[in-house]
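Subject: Structure handover

Hi,

Here is the structure we talked about. Please open it first, then read the notes below with the view beside you.

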Amino acid sequence: MHSLAKLGLELAPLPAPLPLWSATLADSALWVEAARSVARSGGALVALWSSGPVAHAAYSLPEGLVWLALPLDSTTLACPDLASHFPAAARMQRAMSDLFGISFPDCTDTRPWLIHAKDTEYSFVRVEGDGVHEIAVGPVHAGIIEPGHFRFSVVGEKVLRLEERLGYTHKGIEQRFTQLPPMEAHRLAGRISGDSTVAYAWAYCMALESATGCAVPPRAQWLRALLLERERVANHLGDLGALGNDAAFAFGLAQFSRLREDWLRTSMHLFGHRLMMDAIVPGGVATDLTDAGLRELIHQCADMAEAVTRLRAIYDGHPGLQDRFIGTGRVLPPLATQLGLTGLAGRASGIAADLRCNQPWVPYDRLDVRMATQRNGDVAARVAVRFDEVFESLRLIRAILDNLPAGELKTSLHWPAHRRFGAGRVEGWRGEIFVALELEERTQGPRLHRCHCHDPSWQNWPVLEHAIIGNIVPDFPLINKSFNLSYSGHDL
C-alpha cells in the first residue's frame, strides 16, 4: 500500500483469499486524495457504490485491493467527484444518485441513469455539420437481447460519435439481496448475468466466506476453478462463432456453436446445469466429480483442443475475415489505460491484468496461468486473445483434473456476533467480478445489510463509444460483439 501510506490511512486487513484492506476516511479531502494517489501509482478503480449515507470505493493495487468508505453528511449526501481521476466513475456515480440520492456537486455529468421519462429531454453531445445525421438503435432489440439505446452520429457510413444509454430494466437485485438469508443469496448472485453465473456465485461465496472467516476445503477450491474455466471456454466458443457470423462467415458460427453445445451438454451431464448454475455454494461446491466424469472431461479437452486448433487456422487464413477484423474497432494502449479498460478487452489493448496471474488464489497459485495479451486493440486482437484463452483454459482444466485433491466438498460457516465486511474477486471470462457485502445481526439471524455486485462492463461500455469512432456503421455489430459486454450486469 505504498501509494496510500503517505496519506496516513489506517488500513485494516480483512480475511480473504486475496489481499484486502479497508479503511474509513475522516473527510472528503482524503477521498479525493486517495483516488489521485491510486491513479498516479497506476492503480485501477474496481467499483464505486453506496450504502445509505456512506460512499464506498474499491481500488486495485499491485499489493491487493483497498476498500475505502466515506461517511457523508446526512442532510446533503454530497460526495466528491472521482471521474476526473477515473473516467469510468461517472456512470457509477449516476447510478448512486438514482439509487441512494447521493449528490456530486462538482461532477459535470449529472444525468439520470435509471430514470427514462418520455417527457424529458435527454441531453448528449450532438454532432452538427453538412451531411451529419443520426441513427437511433434500440432500446428494444431483436430476439432476446436486453434493452439498450445507441445513437450514432454519422456522415455517410462513417461514425463520428456514439451515445449509449443503458439501465432500462432495473431489477432491484441489490435490494433483493437484503431480503434473502445469506446462505441462499448465492443463487441470486449467480443469476445477475447468466453467462457469468460461476464467476458471480464464486465471488459472492468468497465475500461471505471472508466475512465469516470460513476456510473452504481444498477439493472444493479446485472444483470451483474447474467450473470457472469451463465457463470461460463456453463463452469464448460462443463469441468466436458469433464474430465469424458478424463478418459473414456462417461456417464459423455453425462449427463453434456445435462445439459449444457439446461443451454445455457435458456440463449438464456432470454438474446438473448447462451453465453450471448453483454448483458453487457457501463453504464449497454442491456437486462432486466422479472418476468416470474426470476421464470424460480429459477426453473432451483433448478433442476440443484439436477442433479449435483447426478452426483457428481457418480463421487466421481467411482473407475476408482478416479484412474485417484487422484495424476494426481499435483501442490503442494509451487510450485503454486512460479510460480504465479491463478484462479480456483490456488485455487485447496491452493491459496485462488478470487476477489469476497478478494475484492468484487457490488453486491458481499452483497452476502458473499464462496470460494472453495483444497490443493492437482491434477486433483481430480480441479474437486472438479469445483463442489463446481457450487453449490456456483447456490446459488449466487438464492440470486441475490431474492434481485434484481428495477431501470434503463443503464446510460450515460460523456467523460473527457483530457486523462484518467481506469481499470477493474472481477473474471471470469478461473480466474481474467483484462482490462487497456487509453482514449484520438481526432478531431472525444474520442478514445482508448490503451486497454490491460489480461487473467489468461498467468500465468497458464507455470505451466502446471510442472504439466505433471512424469505423462504418455496419461494423458496429462486429465491434460490439468483440467486446460482448453485459447489459444485465449494469442493471441491478
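**The largest pocket**

The largest pocket has a lining of 29 residues, and those nearest its centre are I145, K481, N484, L485 and Y487. Keep in mind that this is a predicted model. The volume of this pocket is about 1,000 Å³.

Which helix gives the most to the lining of the largest pocket? It is α7, with six residues. Helix α7 spans 218-246, and α16 spans 476-483; each supplies at least two residues of that lining. Sorted by class, the lining of the largest pocket has 12 nonpolar, 10 polar and seven charged residues.

**The second largest pocket**

Now move to the second largest pocket. It holds about 760 Å³ of space. Its lining counts 34 residues. Nearest the centre lie G42, G43, A44, S60 and A353. Five elements each supply at least two lining residues here: β3, β4, α11 (333-339), α13 (355-358) and β11 (420-427). The classes for the second largest pocket are 16 nonpolar, 14 polar and four charged.

**The sheet**

Two of those elements, β3 and β4, also belong to an open sheet of five strands. Follow the order β1-β2-β5-β4-β3; the pairing is mixed. In general, strands of a sheet pair through backbone hydrogen bonds, either parallel or antiparallel.

Which strands sit at the edges? They are β1 (12-13) and β3 (44-51), and each pairs on one side only. Strand β4 covers residues 54-61. Its pairing with β3 is antiparallel and runs over seven bridges.

**The cavities**

Next, look inside. Rolling a probe the size of a water molecule over the atoms shows where empty space is left. How many cavities of 30 Å³ or more does the structure hold? There are five.

The largest cavity has a volume of about 190 Å³. Its lining has 20 residues, with A95, L99, E174, H452 and W458 nearest the centre. You will meet β3 and α3 again: along with β13 (445-454), each supplies at least two lining residues. Helix α3 has the largest share, five residues. By class, the lining of the largest cavity has 12 nonpolar, five polar and three charged residues.

The second largest cavity contains about 70 Å³ of space. Among its lining residues are G194, D195, E231, R260 and M276. Helices α7 and α8 (250-271) each supply at least two of the lining residues. The largest share is three residues, from α7. This lining has four nonpolar, two polar and four charged residues.

**Salt bridges**

Last, the charges. Side chains of opposite charge can pair when their charged atoms come close. How many salt bridges does a search of the whole structure find? The count is 32.

The side chains of R36 and E33 form a salt bridge, at 2.5 Å from N to O. Both residues lie in helix α2 (residues 28-40). They are three residues apart, about one turn of the helix.

Best wishes

Note on methods
Residues numbered from 1 in each chain as written. Predicted model: local features only at pLDDT ≥ 70, side-chain atom pairs only at ≥ 80, totals over all residues. Heavy atoms only, no water. Pairing = 2+ DSSP bridges. Helix = DSSP H or I, 4+ residues; strand = E, 2+ residues; numbered from the N terminus. 1 Å grid on protein atoms, 1.4 Å probe; cavity = no way out; pocket = protein on both sides within 12 Å on 5 of 7 lines; lining within 4 Å. Points joined across faces, edges and corners; volume = space filled by probe spheres on them. Nonpolar A, V, L, I, M, F, W, Y, C, P; charged D, E, K, R; others polar. Salt bridge = Lys/Arg side-chain N within 4 Å of Asp/Glu carboxyl O.
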